[in-house]
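Please keep the sequence and structure open while reading.

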Amino acid sequence: MRFLGAVVLLCVACSARAELTIEITGAGEHQIPLSLVHFAGEEKMVGQPISNVVTNDLLRTGLFKMIDPAGKSPHEPGDVRYDEWPGVDALVIGNVRTLDGGRVEVRFRLMDMVRRTELVGLAVTAKSEQLRAIGHRVADLIFEKLTGSPGVFSTRIAYVNRESKKYRLVVADSDGYGEQTLLALNEPILSPSWSPDGSQIAYVSFERGHASVFAQSLATRQRTLLADFPGSNSAPTWSPDGKQLAMVLTRDGSSQLYLVRSDGSDLRRITFSETIDTEPSFLPDGKSLLFTSDRGGSAQVYRVPVEGGTAERLTFEGANNFSPRPSPDGKYFVYSHFVDGVFYIAVQDFENKQMQVLTGGGWEKKPSFAPNGKLVLFATESQGRGILATVSSDGRVKQKMVAQRGDIREPIWGPFLKQ
Amino acid sequence: MKKIILSIILVNLLAACASEKPKEAANEPAATSAPAATETAAPVTAPAQTAPVSSEATAAANAEAAAPAERSIYFPFDVDAVPASDRATVQAHGEYLAKNKNAKVRVEGNADERGSSEYNLALGQRRANNVKKLLILSGAKSSQIETVSFGEEKPRCADHSEACWSQNRRADIVAK
């Protein structure tokens with residue numbers, strides 16, 4: 001099932017600042033033929049040309065077939081001669097210019113080449129170092145206009161980078177650029193989780209000699225110790241309204257689910273099993289939690305009302321199933337499916353209980369949906385190193401992102417940010 | 001303080017590496033042939049039925065002088081109950097703690113990488129907790145024992161192989 005030529009190697013690594021090399025396999029069933037003319041004036045800017053940022057974003061989705069402009073270079077709608085673009089459904093044109101005071105102006109237009117009209121246009125001025133961010137916004141607009149779903153190119157991801165004994169909690173753009181280290185320790189960091197507004201990340205750190213739960217502001221870097229009971233404190237996850245977190249404590253014996261307000265107060269226990277209950281994750285309506293439990297004799301995915309009560313087992317196939325997270329629309333959940341010694345990323349429909357394995361298998365762990373539900377981010381391994389990967393939610397398009405150093409673990413896709 | 005603990009752990013790890021090979025081999029068949037199904041069947045009270053101490057001579061001798069040399073307990077895959085083969089090790093430490101009221105230990109639970117990081121953290125904690133319970137049944141006081149889990153985060157051995165995994169499914173009794 002390889003349409004475009006098996007492997008498209010993107011030139012993300014061309015820039016000296018690239019953190020990740022991206023490799024894509026597969027393609028969507030119905031690709032939109034799209035052409036993009038390099039923006040006028042972009043060659044004068046520092047860093048990667050903005051039209052490359054846009055092209056790479058769109059290619060990663062597998063939903064677009066990029067058609068070479070073949071020397072044609074319109075930059076304004078008046079320059080476009082529609083008859084010259086047979087087979088092209090949409091055309092992206094634009095220009096970039098430097099303003100006074102280190103600012104740049106980007107103007108772009110998306111042309112509907114079939115109906116011969118302009119679909120959308122945007123003019124933005126920003127600091128020159130924000131050129132990549134503008135590129136992601138342009139790609140988001142194109143994606144939304146042509147597919148009907150919002151783009152996720154402006155969103156961010158978080159993960160843990162491990163280099164021998166050094167652990168870093170990292171936040172990066174969805175394409176792996178713009179890495180920011182939120183925390184660096186010589187002890188393990190686990191289970192980062194975004195607050196719904198994207199302003200904070202909760203995580204597990206071993207800096208106090210055992211697993212304890214912290215939340216940290218991205219803007220101020222200020223940290224709050226949320227749980228530090230004897231034993232293990234772990235698996236934090238925010239409620240959709242951001243007012244409370246679910247987490248796992250062993251203070252009463254085995255690992256059990258608890259709720260706590262986001263300031264760490266008002267601790268309430270939700271599950272009462274003598275077995276392992278862990279990895280809670282709120283459904284989008286905030287009324288119930290998915291979690292992993294071995295109460296039935298093997299690790300499987302369950303759902304329990306947020307106020308506690310009877311838990312319902314959801315997974316039955318495979319030896320073990322771990323790390324459930326729901327889709328943004330609440331219709332599906334992804335999880336790590338362990339069978340015959342191999343981890344796969346799988347998705348299951350809540351309503352008809354049908355499961356689908358999305359990946360080819362390996363050390364594939366910790367899946368999470370992009371906020372538009374179209375992609376799943378997960379951790380896997382390539383040539384003995386932990387890397388990031390994504391798969392489209394229909395399993396057709398796969399992408400690996402190889403870091404320049406260290407092992408990448410525990411990824412999670414962040415929310416849409418309010419503009 | 002942390003440095004001291006770390007170096008103690010290191011010494012223990014080295015000692016265990018050198019002495020523990022036969023025991024791992026003994027655990028291996030169980031690990032590969034007994035998957036998760038029986039794992040939760042061992043309730044928290046299981047260690048109560050353990051037989052009286054069998055390794056009389058060694059345990060008694062150790063209790064007088066130093067803590068028992070063997071500090072690692074090995075577990076089958078996805079199992080948290082202390083295996084019969086390793087109970088004597090735990091009991092010897094329990095008796096040592098009973099006779100040395102000022103001694104304190106930390107039980108560190110670990111798991112192999114087959115599972116999610118959070119599930120393995122929980123599994124390592126259950127292993128440490130079960131070792132603690134058996135220590136108490138052997139005469140130690142709860143206040144002498146701290147438990148911690150490192151899950152799959154601090155593997156003794158990093159390869160994707162049963163030879164490694166069997167070493168990583170482990171609880172260590174570390175002097176504090």
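In H2(A), ten positions can be checked by eye: the buried residues are Leu131(A), Arg132(A), Ile134(A), Gly135(A), His136(A), Val138(A), Ala139(A), Asp140(A), Ile142(A) and Phe143(A). Buried means under 20% relative accessible area, with exposed over 50% and partly exposed in between (1.4 Å probe, protein chains only). This is a predicted model, in which local features need pLDDT of at least 70 and side-chain atom pairs count only at pLDDT 80 or more, while totals for chains, interfaces and linings use all residues. Residues are numbered from 1 along each chain as its sequence is written, chains are lettered from A and ligands numbered from 1 in the order in which they are written, and side-chain values use heavy atoms, with hydrogens and water left out.

**Helix H2 of chain A**

- Helices (H or I, at least four residues) and strands (E, at least two) are DSSP runs, numbered from the N terminus.
- The buried residues of H2(A) pack against helix H1 (50-60) and strands E4 (64-66), E5 (90-98), E6 (103-112), E7 (117-127) and E9 (166-173) of chain A. Contact means heavy atoms within 4.5 Å.
- Gly148(A) follows H2(A), and its phi is positive, near 85 degrees.

**Interface of chains A and B**

- Contact links 31 residues of chain B with 41 residues of chain A.
- About 2700 Å² is buried between the two chains, and carbon and sulfur atoms give 55% of this area. Buried area is the accessible area (1.4 Å probe) that two parts lose on being put together, summed over both.
- Glu118(B), Tyr119(B) and Glu153(B) supply 24% of the area that chain B buries against chain A, more than any other three residues.
- Four salt bridges are counted between the chains. Each is a side-chain nitrogen of Lys or Arg within 4 Å of a carboxyl oxygen of Asp or Glu.
- Arg409(A) forms a salt bridge with Glu152(B), with the closest N and O atoms 3.5 Å apart.
- On the side of chain B that touches chain A, helix H5 (117-137) and strand E3 (145-151) are the elements giving two or more residues. H5(B) gives the most, with nine residues.

**Ser323 of chain A**

- Ser323(A) lies in strand E23 (residues 320-326).
- Ser323(A) counts as buried because its relative accessibility is 4%.
- Leaving out residues up to four places away in sequence, Ser323(A) touches several residues, including Glu279(A), Tyr335(A), Lys366(A) and Ser116(B).
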